[in-house]
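Dear colleague,

A summary of the findings follows it.

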Amino acid sequence: MKKNTNLRSLAALAVEQVLEQGQSLSNVLPAMQQKVADKDRALLQELSFGVLRTLSQLDWLVNKLMARPMTGKQRTVHYLIMVGFYQLLHTRIPPHAALAETVEGAVAIKRPQLKGLINGVLRQFQRNQEALLEEFAATESRFLHPAWLVKRIKKAYPQQWQSILESNNLRPPMWLRVNRNHHSRDEWLALLDQAGMKGFAHDAYPDAVRLETPAPVFALPGFEEGWVTVQDASAQGCMNYLMPKNGEAILDLCAAPGGKTTHILEVAPEASVMAVDVDEQRLSRVYENLKRLGMKADVKQGDGRYPAQWCGEQQFDRILLDAPCSATGVIRRHPDIKWLRRDRDIAELAQLQSEILDATWPHLKTGGTLMYATCSILPEENCEQISAFLKRTPDAALHETGSAERPGVQNLPAAEEGDGFFYAKLIKQ
C-alpha cells in the first residue's frame, strides 16, 4: 500500500510542471500516479486533466478572488486553489471533502501557514458562486481556449468554430480497433457484450468500436492477447486511404507510438514495414505495441528530413506520413496542448512538414501512394500544405481526398465521433 498522499497537492504540482516548465501532462502524470494507491490514480488523473481542460475559468476565479497573484515559490498554492475550484464546480466530490482535502494540500507542499488563505478563498467562492459564474460567462475566457487559438479556429471555420471549441472541452470517447486477424468486429462486439460492456461500430471505419463507457484496458476481452487496441476512430481512417497490401514495402514515418504501424500489419500481415520516428524514447512504445500484437517491423530512429540516413536509396510502395503537427485536433484528449502551444509554432510546424514531404517524396515508387495525415484542424498544416506541395511537385496527384481547390479530407472533433484529423492521398505519376 502507498502511504496516504494528498492527491490535491499532487494534481497542483502536475499542473504547475505543465504550465511553468512546459512539460506535457502525459509525461508528468505517470510519475505522480506512482505515489498514490491504485484506487486513487483515476481521481488524480481526473483532477489534473480537468484543471487543464477548464484552466481559463479557474485562473479567472483565482485572480478575481485574490488581492494579488501568488508568485515564485508560492505559485503552487495558486494551482492548489484551482484544484479546489475544479472539484467544487465539475466533480461529484462532496464540497466539505473537497475543501478539507484541498486545504490539507498546503501541508503536503510545505505551506501550512497558507491553510487559512486557501480555506477563505474557497469559501468565498462558494458564497458567491452564482454571481461569479454569471460574470465569467460574459468574458472572452469562457471558451476555455487561448485567444490566439480561438481566433485561428474562428477564421478557418466561421460556421463551426463554437461547436469545435465545445467538443474540445468535452471528455473524449474511448475508441478501439479490433484486430481482424483474430475476430471480425461483430464477433468481438459479441465478446464485449458477454463481458457486460456495450460498444458501437463506426459506420465508415471497418475495425473501429466506441465503448459506451470508457473502461480499463485489462477489462477488454483479449487485450493482452492482441485482439484489440486503443486507437481513435479518425486515426484508424488512414487505412481506408493507404490500403496496404501483402508483399509491399511500406514506410510509416513519424510512427511512434506505433498505432498505425500495427494497423498496417493487421491489414497486410505479410507487408514489409519500416517504422521510423525521430524520438528514441517514444520508439519504446512501438516495440511494446508490436510485442503485444505478435508482429515484426523494422524500427528505426531517424529524422524525416534526412531519409538517406536511415533508408539509403530505398524506395517504398506506400508511405504513411503522420506529420508532426500542432495536435489541435486532439485537445480533448490532451488539454495541455491548448496551453503549451504558441501562435508562432504553427508556421514553424508547417515549414517542418513541408521539408519532410519534399525529402520523403523521392523515396516513393512511381505509381505508389503517400498518405499525408495530421491530428490538426488548422488549414496551414493541412489543405494549404498539400496545395503548396502539389504546385511544386509535378509528378504528384491528389487521389480520392478532396479537390484541387481544397485538397484533403478534414475530420472535426465531435462528441461521439473521432478526433480532429486530416488526410490527403497522393499518387506518384
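A cavity, as used here, is a set of points on a 1 Å grid over the protein atoms alone where a 1.4 Å probe fits but cannot get out, and its lining residues have an atom within 4 Å of a point. Grid points are joined across faces, edges and corners, and a volume is the space filled by probe spheres set on the points. The model is predicted: local features need pLDDT of at least 70, side-chain atom pairs count only at pLDDT 80 or more, and totals for chains, interfaces and linings use all residues. Residues are numbered from 1 along each chain as its sequence is written, and side-chain values use heavy atoms, with hydrogens and water left out.

Cavity

The structure holds one cavity of 30 Å³ or more. The volume of the largest cavity is about 30 Å³. Its lining consists of Arg180, Tyr205, Pro206, Asp207, Ala208, Gln236, Met239, Asn240 and His263. By class, this lining has four nonpolar, three polar and two charged residues; Ala, Val, Leu, Ile, Met, Phe, Trp, Tyr, Cys and Pro count as nonpolar, Asp, Glu, Lys and Arg as charged, and the others, Gly among them, as polar.

Annotated positions

UniProt positions are given in the numbering used here, feature names are shortened, and annotations may be inferred rather than shown by experiment. The unreviewed UniProt entry marks Cys375 as "active site". Cys375 sits in the loop between β9 (364–374) and α18 (383–392); helices (H or I, at least four residues) and strands (E, at least two) are DSSP runs, numbered from the N terminus. Cys375 counts as buried because its relative accessibility is 17%, where buried means under 20% relative accessible area, exposed over 50% and partly exposed in between (1.4 Å probe, protein chains only). Apart from neighbours within four places in sequence, the contacts of Cys375 include Cys325, Thr328 and Phe421, a contact being heavy atoms within 4.5 Å.

Ala255 lies in the loop between β5 (249–253) and α13 (259–267) and is buried, with a relative accessible area of 5%. Leaving aside residues within four places in sequence, Ala255 is in contact with Thr261, Ala275, Val276, Asp277 and Val286. Gly259, in turn, belongs to helix α13 and is buried at a relative accessible area of 18%.

Helix α13 is mostly covered, as eight of its nine residues are buried. Among them are Lys260, His263 and Glu266.

Nonpolar cores

A nonpolar core is a set of buried Ala, Val, Leu, Ile, Met, Phe, Trp, Tyr and Cys residues joined through side-chain atoms within 4.5 Å. The largest has 50 residues, of which Leu44, Val51, Ile81, Phe85, Ile118 and Phe125 touch the most other members. At least two residues of this core come from each of α1 (7–21), α2 (25–33), α3 (41–53), α4 (55–65), α5 (75–90), α6 (95–108) and α7 (115–136). The most is given by α5, with ten residues. Val51 touches Val15, Leu58, Met82, Val83 and Tyr86, not counting residues up to four places away in sequence. A second, separate core of 47 residues includes Trp175, Tyr205, Ala235 and Leu265.

Helix α4 is also mostly covered, with eight of its eleven residues buried. The buried residues of α4 pack against α1, α3, α5, α7 and α16 (337–340).

Yours sincerely

Key. On a 1 Å grid over the protein atoms alone, a cavity is a set of points where a 1.4 Å probe fits but cannot get out, and a pocket is an open set with protein on both sides within 12 Å along at least five of seven lines; lining residues have an atom within 4 Å of a point.
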